[in-house]
Amino acid sequence: MTSKEFIDTNKDNFINELLDLLRIPSVSADSKFKDDVRRAADFIKSSLETAGADKAEICETAGHPIVYGEKIVDPSLPTVLVYGHYDVQPADPYELWDSPPFEPVLKDEKIYARGACDDKGQMYMHIKAFEAMSKTNSLACNVKFMIEGEEEVGSDNLGIFVKENKEKLSADVILISDTSIISNEAPSITVGLRGLSYLQVEATGPNRDLHSGVYGGAVANPINELCKMIASLVDDNGKITVPGFYDKVAELTEAERKALNEAPFDFEDYKSDLDIEDIKGESGYTTLERVGIRPTLDVNGIWGGYTGEGAKTVLPSKAYAKISMRLVPSQVSEEITNLFTSHFKSVAPKSIKVKVTPHHGGEPAVTPTDSKAYQAASKAFEEAWGKTPIPTRDGGSIPIVSLFKDELGLDTVLMGFGLDSDAIHSPNEHYGLFNYMKGIETITLFHKHFAESTE
Ligand code: BES
Ligand code: MN
Ligand code: MN
């Protein structure tokens with residue numbers, strides 16, 4: 001049996017096993033789900049064993065465990081290190097889901113569940129591709145798996161694990177499916193990811209909540225002031241006003257920008273998918289550039305005062321916001337966090353005290369297109385999808401990619417199969433069965449072409 005035949009024969013099993021994994025609510029951010037996160041790790045470990053790994057182990061960390069597995073077919077063959085994550089984002093708000101997030105359903109040829117695409121579905125494709133190759137004796141490369149449970153909370157412990165296990169993780173390339181393609185008609189390979197600086201700000205006015213009639217108009221309201229401060233961070237041209245913010249931003253050449261904008265993009269579809277009348281962003285850049293190669297500043301959440309039912313007349317003591325900045329080469333997360341912090345403090349009026357607490361960060365990454373590994377991925381897509389994949393820059397972040405380069409000296413191939421419309425991090429997240437099955441096939445072809453290219 002060929003591995004393609006094995007994949008076709010086992011389609012139902014492959015889907016049902018993924019559904020079982022999706023039933024485990026492995027939300028890394030919420031300690032309430034700590035045991036479930038571990039159950040998901042155990043699930044991955046036994047999946048690796050069943051698929052044919054020589055070794056599969058749970059590696060403890062200060063946080064959620066990392067699952068490591070490997071099959072060394074022949075030390076003279078190239079080694080592919082697969083990275084993925086089994087943790088998921090919180091499913092809130094639950095009431096916006098059409099079916100419960102951890103009770104996966106199949107509808108219109110798609111699997112609906114939290115993590116269906118990001119990243120359980122995409123990560124599991126690698127285990128199934130490995131199983132298909134291993135059970136049909138067609139493994140062309142050695143394979144190592146490093147599947148973590150803290151990607152959605154910043155991968156802090158994975159960074160330590162990588163630094164301490166360089167020998168164990170030695171490989172020729174890193175392969176990750178945790179990004180998206182343009183569409184099923186226009187497959188693509190991600191060659192750039194943005195970095196991230198994420199922080200929380202706290203604005204304090206009076207030492208206690210006050211009656212908004214007795215004190216209103218005479219004492220600074222921290223919510224009003226916080227809103228003004230936040231509004232001042234981005235000007236009318238969509239430029240971020242933090243001094244020094246753009247100093248290290250790498251500008252692309254005209255030729256590079258032209259190539260980036262040649263990717264198919266339908267402006268009307270984009271707007272109608274999001275139900276918006278118009279778009280908004282930095283002047284002088286296209287939408288593809290705004291998400292691919294330009295940095296941003298966004299409020300992710302803002303709260304304070306009274307938000308319950310009805311009205312309560314209160315002038316609050318405190319206001320809070322969570323702010324993210326997406327970074328591009330060659331911005332450095334820690335530097336941007338520092339620039340933000342001093343600027344934010346400097347724009348606070350005397351009537352308000354400001355505290356800034358950094359959460360997590362990560363560096364941007366660009367991956368080469370002239371490597372053997374990229375060429376192998378490109379060939380794999382050509383063979384499975386009948387089209388040459390387009391290199392794209394994605395707006396999301398996978399901070400570990402730049403760390404792999406720095407610590408292990410390895411380039412990554414970002415061979416994702418999701419769609420932007422898969423609603424990752426949102427209610428009703430889903431993943432197409434077509435993408436799942438086609439992805440498994442494409443991964444097996446990557447191994448084949450990568451082995452051939454290094455012969
Ligand atoms: N898989 C995503 C990142 C992604 C999504 C990249 C789509 C490209 C296209 C990943 O799980 C994620 O959500 N990353 C976080 C960063 C992390 C530090 C919390 C993000 O981008 O917000
Ligand atoms: Mn992900
Ligand atoms: Mn994610």
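Author: A salt bridge joins the side chains of K45 and E49, with 3.4 Å from N to O; the term requires a side-chain nitrogen of Lys or Arg within 4 Å of a carboxyl oxygen of Asp or Glu. The model is predicted, so local features need pLDDT of at least 70 and side-chain atom pairs pLDDT 80 or more, while totals for chains, interfaces and linings use all residues. Residues are numbered from 1 along each chain as its sequence is written, chains are lettered from A and ligands numbered from 1 in the order written, and side-chain values use heavy atoms, without hydrogens and water.

K45 and E49 are separated by about one helical turn because they stand four residues apart in helix α3 (residues 34-51); helices are DSSP runs of H or I with at least four residues, numbered from the N terminus. K45 is partly exposed at 25% relative accessible area, and E49 is partly exposed at 38%. Buried means under 20%, exposed over 50%, and partly exposed in between (1.4 Å probe, protein chains only).

A salt bridge also connects E17 and K128, at 2.5 Å from N to O. This pair links distant parts of the chain, 111 residues apart: E17 belongs to helix α2 (residues 11-22) and K128 to helix α4 (residues 120-135). E17 is partly exposed at 24%, whereas K128 is buried at 1%.

K128 also meets E131 in a salt bridge of 2.6 Å, N to O. Both lie in α4, three residues apart, and both are buried. Through shared partners, salt bridges join E17, K128, E131 and K135 into one network. The count by this rule is 27 salt bridges.

Methods: Helix = DSSP H or I, 4+ residues; strand = E, 2+ residues; numbered from the N terminus.
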